[in-house]
Amino acid sequence: MAAGSVNPFNLSDSEEEAERRPNVTTDTQRSPNGGASSGPPGNPFATPVDTEPPTLLLSSNRTSPSAEGLPVSAAATAAMTGGTGDTRVSIDAIAAQLLRDQYILTALELHTEMLEAGRELPRLRDYFSNPGNFERQSGTPPASKDQGLGPGGPLNRAGSISTLDSLDFARYSDDGNRETDERVTVLEFELRKAKETIQALRTNLTQAAESELTSQERKKHKSSVEFQDPIRQLEKRALNFLVNEYLLRNEYKLAAITFSDENDDQDFELWDDVGLNIPKPPDLLQLYRNGGSVASSPRETVDVAVSMELGDLPGNYTSQEQSKKPDLLQQQQTELVQELEYQIGLLNTEKESLAEQIRKMHSEIQILKRCASSPPSAPLDLGGCPTSGPPSTDSSDLPSTRPLDNGQYLDIRAGSTVEDSADPPMTQSSPQPQTQSHGKLKSRGPVHFDQPNRKLSPAFQQALLSFCRMSSDSRLGAEVSRIADSEESVMLMLGRCLPHIVPNVLLAKREELIPLILCTACLHPEARERDQLLHILFNLIKRPDDEQRQMILTGCVAFARHVGPTRVEAELLPQCWEQINHKYPERRLLVAESCGALAPYLPKEIRSSLVLSMLQQMLAEDKADMVREAVVKSLGIIMAYIDDPDKYSQGLELMLLSLADPSERVVSATHQVFIPAFAAWTTELGILHTTLIPSLLTRIEKLLLVGGEHGLDEHKLHMYLSALQSLIPPLFAVVLQNAPFTSRAKLHGDVPAIEVTRFPRPASPLQDVATIVGSRETVSVLLSLYDHQLEHEGTTGWDSLLWVVNQLLPQLIEIVGRINVTSSTCVHEFSRFFWRLCRTFGKIFTNTKVKPQFQEILRLSEENVDASTGNGILTKATVPIYATGVLTCYNQEEDRKLLVGFLEDVMTTLSLSHAPLDSLKASFVELGANPAYHELLLTVLWYGVVHTSALVRCTAARMFELILRGMSEALVDRRAAPALITLCSGPEFSVRISTIPAFGTIMETVTQKELLERVKMQLESFLEDPQYQDQHSLHMEIIRTFGRVGPNAEPRFRDEFVLPHLHKLALGNNSQTVEAKRIDIATQLFEAYSALSCCFISEEVMVNHFLPGLRCLRADMEQLSAEHEVILSSMIRECEIKIENRSIGDAQGSLSIASSLVGEDAKTKFLSKMGQLTTSGAMLANVFQRKK
């Protein structure tokens, strides 16, 4: 069947195509020979004689993608015709033949199937990825030039300028129908696309033609930095493509998407969309590298004007040009305007040059005047006046105005290249070398050069020199051609050049420019240029690091010292204000540090108003911790330079705001810098001990008052107490400096050194008393007089110390009595405060002023204990704070004896009074945190162990539990365990029961086997001895202790001792007849089993003890508490499932893995559900439901 002009886009596997083609295998291919005879009957590549190739899709001049496609196909055909069944044609040869015969869709389908199979053919990939293969639409296919057209007409499908990716294959169905309306639709669509492309090309050409500058304009503006040719549409599209390519290549995907959206008229996937026949340039990186290394001359051509008479032109040329006169006139006018503009530019340049000469002349005149007015005995003047030769002030010696040049020779402003004098001197007059002062430039007179004895005309000589390739008409050329010869001209030159230099210096090396920028900003005469230079300084580095910020700050301080407070306020502060809200925290940090560094050099009214407000705003609003930390430090510096008393309230507000900051580093900076500086100011105002400290104490009292109703805010209490603690060194300095002996303090002879441990270690140098007072020698002398005054002469007339003794201490002791003794945080904070206060004011002050006030309140008698309400003073926080904050300040033998005696008396008094033991417990907890006091506490407890009263022995047994956790095992074995066993040997059951928690703590913390065996034997005696069988309280204490220490105890001890005895106790509780006791035991057992269920328990123990104990407990809870019974049932089910899973794991040989997984699952579930015990019974029924 002859194929007539087949549309390649309708090629498919439909029935019509099957009828047209012979039965072939998958890798069929048409023969490239259009009219060759057919091969053997079985050859799948044979082509019938009457078959003609279809009309080509593309142009006739498009050849096969590969030159070897034809021989490969021919070889393949010859091989197949040979009749050998083993030979197979390669896929690449088939692809080459399909492309050669223009079976594009078949090739595309083959390409798609190969991609899906993971076998991509390079030939097909290169062909279909090249859009140039689908652009041209003219010509005739070579296979159909000599053949008739088929029934489809002269044109069944026009060539398309689009790629195959833009074609709509969906409009061609697989049934093979080729109706006329479909062909018309396709042709209309392609015609519309062709017209749009033609219109776009015309637009591009028009815009390109309109944006072209003439050659004269390009020559004119070639070296001008300020002028730039307007970008053409073609250039814009090319740059857009390169920019988008750069963004994608460097993973700026979001930026590339945004850029593509803003240029929706351009296809960034295809370079050919930029324009026709335009080669693609290198990428942006290569362009940048090449562009930075090529040094091109700013001026390559010379403008030459040639005149010609009209009559000199040939006649035929004249007649040809008559029709173009309007265009020529317009062009001439344009050229004339351009030439005039060029002349205007040269005149402006000459004007600037003359103005510079005038300024230089004025400078020279001033220098010469100074030389003339200087005494003759001072030949070396600072102005650099020449010492040899008379100074010439005649203007005729100065260089005359140059004629207009064409920018091709160097204009040395200080001298003349071509002398106008008729008789030029033949010898060079050079000034004598002389010494110049630092920072001054030497003023030079006119310089004369040797001139040749020639008679060349000046015009010829100047034209000859124009061949020297020099340029002075650009900005840089103008700067190079003018050599600065005075300080002012140097500053002007630097001010002009630095803004162009800075952007081209590497970021890592820009700090090297800081001295140059600062020097220019200091000395430049124009305010606008100075402002620009300071702006460059603060924006020199985008994100300056610590070292770079230090350099900038050092420069700012040097600038401030040089220019004075007025210019600092007018020029530097605005730069800080502009960057106060900069997006980079490093820049805001620079502002915060600058405010502190510049504080000494600002006007005092600016320090206390503008700068203080800036820092306050940054402290309240800035989100970066490091910025707020720098703000607090700068505020501390500002406080040292404020002398307006009205700013005290604002300073107090800033201090409280800084202390309340959530960042620890900001709070630390407040204690190290701000509070010492603020305290120094209040000391000068005389309100440190009369206003500042009382205001903090008032806030603490209000806090305690509110805390009694709604709960104490411990964070605020810590904030106020830490502030008071930081104010102790300044307060002691006030006491020393206002003492009666201050006038007798003389520094003479050998001054005794201060003991290293005399003062607590300061948080910063500003909290060191020696720094506050002035020197360590002064403090040493004052301390000697201070101790002598307290010990022998008293405090009469010592107002500051009397305030501390009579007002501060009583108010503090009253506050201490109002805090909650069970709050370990509050006790610790006040203890640290009193410890630092006593250590700072000294041992004599502590013994004679502090301890007597506490002892007066803590009278150790039963009258101070209200046994009924527990509101006695011995039950308050005063006891632990006195014991841990005052009695531990000094560690000598008498101090330790006093502490031991106080604790023994408190323990005895509270025990005999049946009072709460919270104050004693708080003392033991606070002291037990320091291992240095463990021996001392054991001494106190041994006093209780051997006491005759059983109440005191019970209290001692209870205290052992509090100090054993941090105690060394050796000390436990040597002193604690024997004391506990001694208590157990007593006749009182209450004392023995009191030792059980301490034994449990030993089980939990000690690893020595011998010690654990002794504890186990002691506990076993409690459980096995018949005399303890009816001791309900003992059983309760043992179960409670087992539940507390069981999860942390040694596994072997837990499996062999704890769980079996819990099982026995649960079994025995089933037969308990007293319901109240049964409920108590069941409740304690439930809590103990709940805690132990989170531990890993072996299968044997689980089956023999844990599950039976739970079942016994459930039997009790069924009658006593349905709420607990539900949870126990769930626990039992979980344990049974755990055992089943372990059995399955044993069968599979993975017991350990299965057990751990199930155990962890049970832990997680149970821990999440135990917190819901307080919920209603209806909800508890679903707590332990398994997941479906």
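Is L456 buried, partly exposed or exposed? I opened my notebook with that one, keeping in mind that this is a predicted model. L456 comes out as partly exposed, because its relative accessibility is 36% and that class lies between the 20% and 50% cut-offs.

**Around L456.** I then looked up where this leucine sits, and found L456 in the loop between α12 (325-373) and α13 (458-465). L456 also belongs to a nonpolar surface patch, together with F460, L464 and F467. I noted about 450 Å² for the area of that patch.

**Helix α37.** Next I turned to α37, which runs over residues 950-963 and has 14 residues. From first C-alpha to last I noted 21 Å, close to the expected 20 Å. At the N-terminal end I found a cap: a side-chain oxygen of S949 lies 3.2 Å from the backbone nitrogen of L951.

I also listed the buried residues of α37, among them V952, C954, M959, F960 and I963. R953 is on that buried list too. What covers them includes α34 (893-912), α35 (918-928) and α36 (934-945), as well as α38 (969-984) and α39 (989-1005).

**Positive phi values.** Last, I checked two non-glycine residues with positive phi. H914 has phi near 55°, and its place is the loop between α34 and α35. I put H914 down as exposed because its relative accessible area is 57%.

E251 has phi near 70° and is found in the loop between α8 (233-249) and α9 (253-262). E251 counts as exposed as well, because its relative accessibility is 56%.

Note on methods
Residues numbered from 1 in each chain as written. Predicted model: local features only at pLDDT ≥ 70, side-chain atom pairs only at ≥ 80, totals over all residues. Heavy atoms only, no water. Helix = DSSP H or I, 4+ residues; strand = E, 2+ residues; numbered from the N terminus. Expected span 1.5 Å × (residues − 1). Buried < 20%, exposed > 50% of the residue type's maximum accessible area, 1.4 Å probe, protein only. Contact = heavy atoms within 4.5 Å. Polar contact = N/O pair within 3.5 Å; in protein donor to acceptor, adjacent residues only side chain to side chain. Patch = residues over 30% accessible without salt bridge, like charges linked within 9 Å, V, L, I, M, F, W, Y side chains within 5 Å. Areas by Shrake-Rupley, 256 points an atom, 1.4 Å probe, with all protein chains shown as cover. Salt bridge = Lys/Arg side-chain N within 4 Å of Asp/Glu carboxyl O.
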